[in-house]
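Hello,

Here is the structure we talked about. Please look through it first, then read my notes below.

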Amino acid sequence: MGPGDLKQTICSLVPDDENVLVGFENSEDACVFKINENEALVQTVDFITPVVDDPYIYGKIAAANSLSDIFAMGAEVKTALNIVGFDKTNHNYEVLSEILRGGNEKIKECGGVLMGGHTIESLEMYYGLSVTGMIHPNKILRNNTPKIGHVLVLTKPIGMGILTTAIKRDLLKESTTLEAVKVMEALNHLPSRLLKEYDVSACTDITGFGLLGHAFESTNDNVSLSIDASAVPVMADAFDLAAKDVVPGGSKRNMKYLEDKVSFIGESQKYRLMFCDAQTSGGLLISMNEEDAAEYVKRVEDLTFGYASIIGSIIPRGDRPIIVY
């Protein structure tokens, strides 16, 4: 479902409780419920259809995608429940076991515990997690509180929607497939933990609404996001595939929704589709102090795969919420 359709669907479902610290009225990555002065519950749920053929790798990617919302809030994962739609007509139960094994591996990697789940028969396969995390009520990272003067950091490359579409069509060479898998199955856990050491004003993760869709959700009435198109990391082969219209439908819906919300300056116009590409298990988009950003990027690169980049800055509100140059 596209961002505009989703917003219209849930607009009347606003939680009404004084302990709800973060609801879903502002398109946050997860909801937060205060338990006491020192503890708050962070909850999210997500699932995806297969993006690769290998069930074990699919399980790892789907779990990493689900867990990411907890990390985007600055929280730690505690427990998770499996959510499965299994196509037993075309697959045996060994496939399901491998999916769940991959998912459980990622839950354990970040210190979480699998507590069960629910499986139904479905002609279309899907898998994901309902995840519970914990955080101090005063240390929540919101997505729409960026501070003017802070810079934007992106921790993973974009183009995954295009690459996974190519995988489904058997159009992607093996080396690029392996690199895409490495990026998608990587948790945002350690990059999120590092943020506790720096001056951070906002954070979100880049998933189905693409870089610009989630960037738009990170704006407010007082700020715009200025993005340097040449600084945004993009996966190899993504531009060539996009030129051949190897593009998921969600990316095109994102582009339509954002057409009056983004100003493209000069040659940045050529990045429009790529920056709207619907991601699976994308990176964190962080608003942080410029003095901290270079060190943070270097530490993330040392821990992961070298794609983290400073891609823009937070500026006073302009004519549109996002400027790409």
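UniProt positions are given in the numbering used here, feature names are shortened, and annotations may be inferred rather than shown by experiment. This is a predicted model, in which local features need pLDDT of at least 70 and side-chain atom pairs count only at pLDDT 80 or more, while totals for chains, interfaces and linings use all residues. Residues are numbered from 1 along each chain as its sequence is written, and side-chain values use heavy atoms, with hydrogens and water left out.

Start with the record. An unreviewed UniProt entry places "domain: PurM-like N-terminal" at residues 28-135. That stretch is 32% helix and 40% strand. (Helices, H or I of at least four residues, and strands, E of at least two, are DSSP runs numbered from the N terminus.) Its end C-alpha atoms are 15 Å apart. The unreviewed entry also places "domain: PurM-like C-terminal" at residues 148-318. Here the chain is 40% helix and 18% strand, with end C-alpha atoms 12 Å apart.

Domain 1 covers 3-135 and domain 2 covers 150-324. Their C-alpha centres lie 21 Å apart.

How much area do the two domains bury between them? About 2,300 Å², with 58% of it on carbon and sulfur atoms. Buried area is the accessible area (1.4 Å probe) that two parts lose on being put together, summed over both.

Three salt bridges link domain 1 and domain 2. (A salt bridge is a side-chain nitrogen of Lys or Arg within 4 Å of a carboxyl oxygen of Asp or Glu.) Lysine 60 forms a salt bridge with glutamate 185, and their closest N and O atoms are 3.4 Å apart.

Best wishes

Definitions and conventions. Domains from an automatic or database assignment.
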